[in-house]
Amino acid sequence: MKKTQSPLIIRPGHIRKLNSNSSARTAENYTGKNHQKSNNNHALNYIISATKKAVDIFAAIFLQQKKVDSNTIPYQAGQTSYSLNTSPARGSRKSLISRLSTYDGSPEVDTAQSQNTLSFEEIHKATGKFSPANKIGEGGFGTVYKGILKNRTVVAVKRAKREPYDQRLSAEFKNEILALSKIEHLNLVRFYGYLQHRDERLIVIEYVSNGTLREHLDGNRGSWLEIGARLDIAIDVAHAITYLHTYTDPPIIHRDIKASNILITEKLRAKVANFGFARLAAEDPGATHISTQIKGTAGYLDPEYLRTYQLTDKSDVYSFGVLLVEMVTGRHPIESKRSAAERVTIKWALGKLKDGGVAVAVDPRLRRGVASIQAVESVLKLARHCLSPSRLSRPSMRRCAEILWEIRKEYRENSTISASFHYANVVEGYGSTSRQNVFGIETVIA
Ligand SMILES: Nc1ncnc2c1ncn2[C@@H]1O[C@H](COP(=O)(O)OP(=O)(O)OP(=O)(O)O)[C@@H](O)[C@H]1O
């Protein structure tokens with residue numbers, strides 16, 4: 001079974017370790033050959049010292065360039081200044097810097113300068129004083145602004161509604177901070193820092209530039225997502241949630257997986273956002289669920305959770321099943337304007353799957369071909385599994401990712417076969433009604 005890959009992060013500390021080891025090896029080889037000749041030792045010491053200096057200078061430059069990528073200042077309760085924190089808590093930036101600068105006893109790095117701390121005023125300035133021109137969205141938590149920090153990092157600033165005595169919002173704020181500060185994955189929106197300043201509460205996160213998945217499915221973001229791109233996105237989401245369930249300590253249950261919480265990059269890959277509803281799963285590894293107030297979004301909620309108030313990672317699997325149906329049909333989970341038979345999209349689409357009418361359920365904006373309809377059918381089968389009434393019957397998120405990998409592989413192979421088939425027809429003069437897509441050409445069947 002494949003393990004979910006998290007991005008490789010090279011930290012300054014790693015460089016130091018690698019370089020110090022290689023210097024040590026060089027020294028051993030050198031002294032082995034020259035048997036304590038003192039002038040050679042002088043030369044050796046000079047080389048080692050020069051190498052160490054070069055390493056420190058390189059590390060200092062590297063650290064300056066990687067300010068945004070290498071920081072690891074953890075969340076501290078009650079802190080009132082913002083800490084640029086582009087990597088979750090593992091130790092402090094200061095400790096990394098001091099380790100680096102004590103390498104040869106002569107600090108080369110200006111710790112004060114590298115301490116990338118921002119004030120409310122700076123965030124205020126970065127967002128053009130929370131200018132309406134920089135507003136990029138509005139959610140239950142508050143308003144979201146785009147901002148550009150002094151070091152040119154583009155960020156999204158989530159500004160909580162100014163209701164200082166609203167305990168619910170406050171709890172949600174802390175909840176979001178706690179969850180975000182623990183995550184580090186290519187397919188999860190990165191947490192940079194937070195600020196509490198009088199009645200202002202701000203969360204600064206990675207800016208993702210290409211809208212939400214829901215906007216793409218609605219066609220509000222230029223061209224439609226083809227099935228290949230949708231499969232990539234589904235895999236990205238599955239990886240992100242697998243990471244939350246499996247590789248964070250304690251595990252995190254997202255609790256609000258939905259298309260408007262999936263942000264899309266320029267390359268049409270996904271980053272899962274909005275941990276406002278996230279709740280850390282029980283720390284007791286033996287615990288199978290936590291009892292909690294119902295939270296989430298209508299249409300995505302696990303019926304077993306609604307009935308029992310018991311939240312498990314399988315509640316996310318259920319929501320993911322709803323999301324899969326949404327992605328291949330293009331419909332919203334609840335379509336209130338449709339007839340009763342079509343109002344609840346999962347019921348309608350799984351009905352079509354059962355009756356052999358998958359082609360009817362396919363998003364009409366998708367290019368239709370044998371390969372794409374087969375892929376949609378396989379995705380709907382996986383969705384049906386995720387939507388099992390009993391959580392015990394649902395697959396894990398990791399298993400979902402594996403199945404989606406298989407579906408994508410099969411889709412690519414089938415697309416290539418369709419393309420070759422079409423090519424053969426054209427060469428032999430039969431003509432075709434095929435249309436081109438990103439993977440080649442498929443035979444159009446509807
Ligand atoms: N990191 C980000 N990068 C770019 N745009 C973002 C980012 N985070 C949020 N947005 C935009 O702001 C909008 C509001 O986001 P927010 O997370 O506050 O609420 P929501 O998920 O839409 O609503 P809800 O409160 O129901 O979960 C999003 O729909 C998106 O358009």
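Two residues are counted as in contact if their C-beta atoms, placed from the backbone, lie within 7 Å. In this predicted model, Val-237 touches Asn-187, Ile-262, Ala-270, Val-272, Phe-320 and Leu-323, where residues up to four places away in sequence are left out of the count.

**Nonpolar core**
- The largest nonpolar core comprises 80 residues, and those with the most contacts inside it are Val-237, Phe-320, Leu-324 and Cys-400.
- Helix H9, which covers residues 227-247, gives the most to this core, contributing 11 residues.

**Helix H11**
- Helix H11 runs over residues 313-329, and at 1.5 Å a residue its 17 residues should span 24 Å, which agrees with the 25 Å that separates its end C-alpha atoms.
- H11 is mostly covered, since 17 of its 17 residues are buried.
- Gly-330, which comes just after H11, takes a positive phi of about 80 degrees.

**Strands E6 and E7**
- Strand E6 (residues 191-197) has six of its seven residues buried, and it is therefore largely enclosed by the rest of the structure.
- E6 pairs with strand E7 (residues 200-206) in the antiparallel sense, over six bridges, and Gln-196 stands opposite Arg-201 in E7.
- The two strands E6 and E7 form a hairpin with two residues between them, and Arg-198, in the turn, has a positive phi of about 50 degrees.

Key. Residues numbered from 1 in each chain as written. Predicted model: local features only at pLDDT ≥ 70, side-chain atom pairs only at ≥ 80, totals over all residues. Helix = DSSP H or I, 4+ residues; strand = E, 2+ residues; numbered from the N terminus. Expected span 1.5 Å × (residues − 1). Buried ≥ 20, exposed ≤ 12 C-beta atoms within 10 Å, placed from the backbone. Pairing = 2+ DSSP bridges. Core = buried A, V, L, I, M, F, W, Y, C linked by C-beta atoms within 7 Å.
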